[in-house]
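Please look over the chain as a whole before turning to its parts.

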Amino acid sequence: MIPKVSKEIIDLGDGRSISIETGKLAKQADGSVVVQMGNAMLLATVVSARKASPVDFLPLTVDYREKFAAAGRFPGGFFKREARPSDSEVLTMRLVDRVLRPLFPNDYHAETQVMIQLMSHDENVMPDALAGLAASAALALSDIPFSTLISEVRVARVDGKFIINPSRTQLELSDIDMMIGASKDSIAMVEGEMKEISEHEMVEAIKFAHEAIKIQIEAQERLVAAFGKKEVRTYEQEKEDCAIYDKVKAASYDLCYAIAKEGTAKHERTAQFAEVKEVVKSLFTEEELAEHGDLVSKYFYKANKEAVRNVILDLGSRLDGRKTTEIRPIWAEVDYLPSVHGSALFTRGETQALATATLGTSREANQIDSPSQQGEEKFYLHYNFPPFSTGEAKPLRGTSRREVGHGNLAQRALKNMIPTDCPYTIRIVSEVLESNGSSSMATVCAGTLALMDAGIQMIKPVSGIAMGLITDGDRFAVLSDILGDEDHLGDMDFKVTGTADGITACQMDIKIEGLAYNIMESALAQARDGRLHILGKITDVLAAPKADVKAYAPKIITRTIPGNFIGALIGPGGKVIQELQKATGTTIVINEVDEQGVIEILGTDPAGIEAVLAKIQSITFKPQMGEAYDVKVIKMLDFGAVVEYLAAPGNEVLLHVSELAWERTENVSDVVNMGDTFQVKYLGMDPKTRKEKVSRKALMPRPPREERKE
């Protein structure tokens, strides 16, 4: 039986197009589509359980995987199959999840899986930009309750012109790399990196992306109309009880409002809210709590949230007593850890990050090996968020998606401020020691200070700030440097990083529909003021990078040699380079680039580095015809002296007795002795002996014939 297949085309307007097709693959899933751009093909499926999960939230899993077969490649490593997801796959999962999750009904708690896989790769197409479109189209074709269609696009700017879903080559030339997710009416998510652009330019890029997203959503609507929309399934909705809600709100709202406007510290405030909750629970019998306890907790949270939001909108006062534009107290310290290459401690309010910088050779570069991208990173950042940072005890289950995402944001914020000629591979590690509001932005600040403490000559220092938004439709308040609680109860949270001259990275999640661009622009302007305030605090601690790396940190020297000398430097079975590293206490890395050997010498002892440079000079030394060179006598022979080039120790040549002087020489020792230094002229290869020839007498005036000894 031939399946019913429907297909829609999205014209990108520059000879490129995207197709969405359904009906051919994975028909037992609740919804499935194949999205294709060029030769890149993504299969997206969605399945949701028919029964609700016992948890009180949506157990949604968004999974994105790239199959090596899609690029005609084998997986690396011992086991030749795909294993755990790479960081780039995890980041794509997060991009899709953050847009989709708020669009399910609040009371829909069925186990739901959105699975997206790259089945065919095109080197000119970046597949992560298609994942959001594929996920939304699969949901649109299913019977799963879902409020509105969305899509995601990448926007770049090359030579002042915006491009939707650029190729990787175009992206390398761009000063903007942003991923935007949105519905027809509202922006929902923004994430990306920029090369010091203005707030106005950022908003213009978002607007451009939104227009492209609207076109992609219209294509999804046509696909659903052509294929047929399934009737939305019925599901067991959460119980609601207006009487209980009214009782909880009446007992808690005013008390929560009073606590919120007092402006207390996190632990004190948490304890006070907990006491109010106990007061509320005391109004119900044990039997009522056994039956409706979940509703009581839910309604208390709702009343508490409303009270806190209204304090901010009514009074302009926040949970910790600050005004909306006020930044928490900041203190920082560099060179905190005595044995690392660079370190910094950054504390803002109740958020603290300890960052370290480690310097290495190209051998320590982070290798990227995925179906859609191969290469390496010479600057990378890892972010760790232990449970003690929030005063909790939780199981440790490896690096979380959140840690990958926050680390990536901080890395993107800093990487364009590392000079392109920096010889080091650099790894930043941020250990979050306390958290109450944007540890990722604390990581950016601590990372900047750690880099400058390590002697990395950053182009400009970078700071970051987390912002929030509270609005009731008529009023709005933009909050600078948000707390963790303000993040949870707000309508938008966004993080902006940058230098004094522009934005370098951003991450924005918008939780309400129809956010006006003028509010976004106002929020970005306020963020700039806060970011510059924090930048001033950073430069008060360390105004500029230290002039050099620390005494115990490795120095790196780079030299380039002709490719035909690489083998001599390595030696048989690596003998020469291994013995040289052992003798000098250095690390030597050789990379062949364009038929040249690029040598990296890493060491803490200047004498060891100089010894390696001398050895390289010795191996690559090639005297030039007619040039004079300083030499030293290292061996006396009956028929001449063996001399060593002082510029290249180890390079020896025979100075024949006939080339010592113009006069006849009976004994070599009559003219030179062991250890003597003098100059010789290089005469090239002797055609008779086929050996190199040098002359001492050639640099001396030739005496008249009658003065020569016969």
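Two residues are in contact when they have heavy atoms within 4.5 Å of each other. The model is a predicted one, in which local features need pLDDT of at least 70 and side-chain atom pairs count only at pLDDT 80 or more, while totals for chains, interfaces and linings use all residues. Residues are numbered from 1 along each chain as its sequence is written, and side-chain values use heavy atoms, with hydrogens and water left out.

The chain holds 14 helices and 29 strands. Both are DSSP runs numbered from the N terminus, helices being H or I with at least four residues and strands being E with at least two. The radius of gyration is 34 Å, well over the 27 Å given by the globule rule for 710 residues, so the chain is more spread out than a compact globule. That radius is taken over C-alpha atoms, and the rule is 2.2 Å times the number of residues to the power 0.38. Along the principal axes, the C-alpha atoms fill a box of roughly 130 × 70 × 45 Å. Among contacts between residues at least 6 apart in sequence, 69% join residues at least 24 apart.

Of the 710 residues, 52% count as buried. Buried means under 20% relative accessible area, exposed means over 50%, and partly exposed is in between, with a 1.4 Å probe and protein chains only. A nonpolar core is a set of buried Ala, Val, Leu, Ile, Met, Phe, Trp, Tyr and Cys residues joined through side-chain atoms within 4.5 Å. The largest such core has 159 residues, of which V33, L100, M178, M202 and I426 touch the most other members. Helix α4 (residues 199–227) gives the most to this core, with 11 residues. Leaving aside neighbours within four places in sequence, M202 is in contact with M178, V190, M194, I197, I503, C506, M508 and L524. Apart from this core lies another, of 18 residues, among them A648, L660, V672 and V694.

Now to a sheet. Strands of a sheet pair through backbone hydrogen bonds, either parallel or antiparallel. Here three strands form an open sheet in the order β22-β24-β23, with antiparallel pairing. Strands β22 (555–562) and β23 (587–593) stand at the edges with a single partner strand each, so one side of each has no neighbour in the sheet. Two strands count as paired if DSSP finds at least two bridges between them; β23 and β24 (residues 596–603) pair over seven bridges. V589 stands opposite E600 in β24.

Which residues does the UniProt annotation "binding site" cover? The annotation, from an unreviewed entry, covers D487 and D493. UniProt positions are given in the numbering used here, feature names are shortened, and annotations may be inferred rather than shown by experiment. D487 lies in helix α10 (residues 484–489) and is partly exposed, with a relative accessible area of 25%. D493 is found in strand β20 (residues 492–499) and is buried, at 7%. Not counting residues up to four places away in sequence, D487 touches I482, D493 and K511. On the same terms, D493 touches M467, G468, I482, D487, Q507, M508, D509 and K511.

N408 is buried, with a relative accessible area of 17%, and touches L91 and E191, not counting residues up to four places away in sequence.
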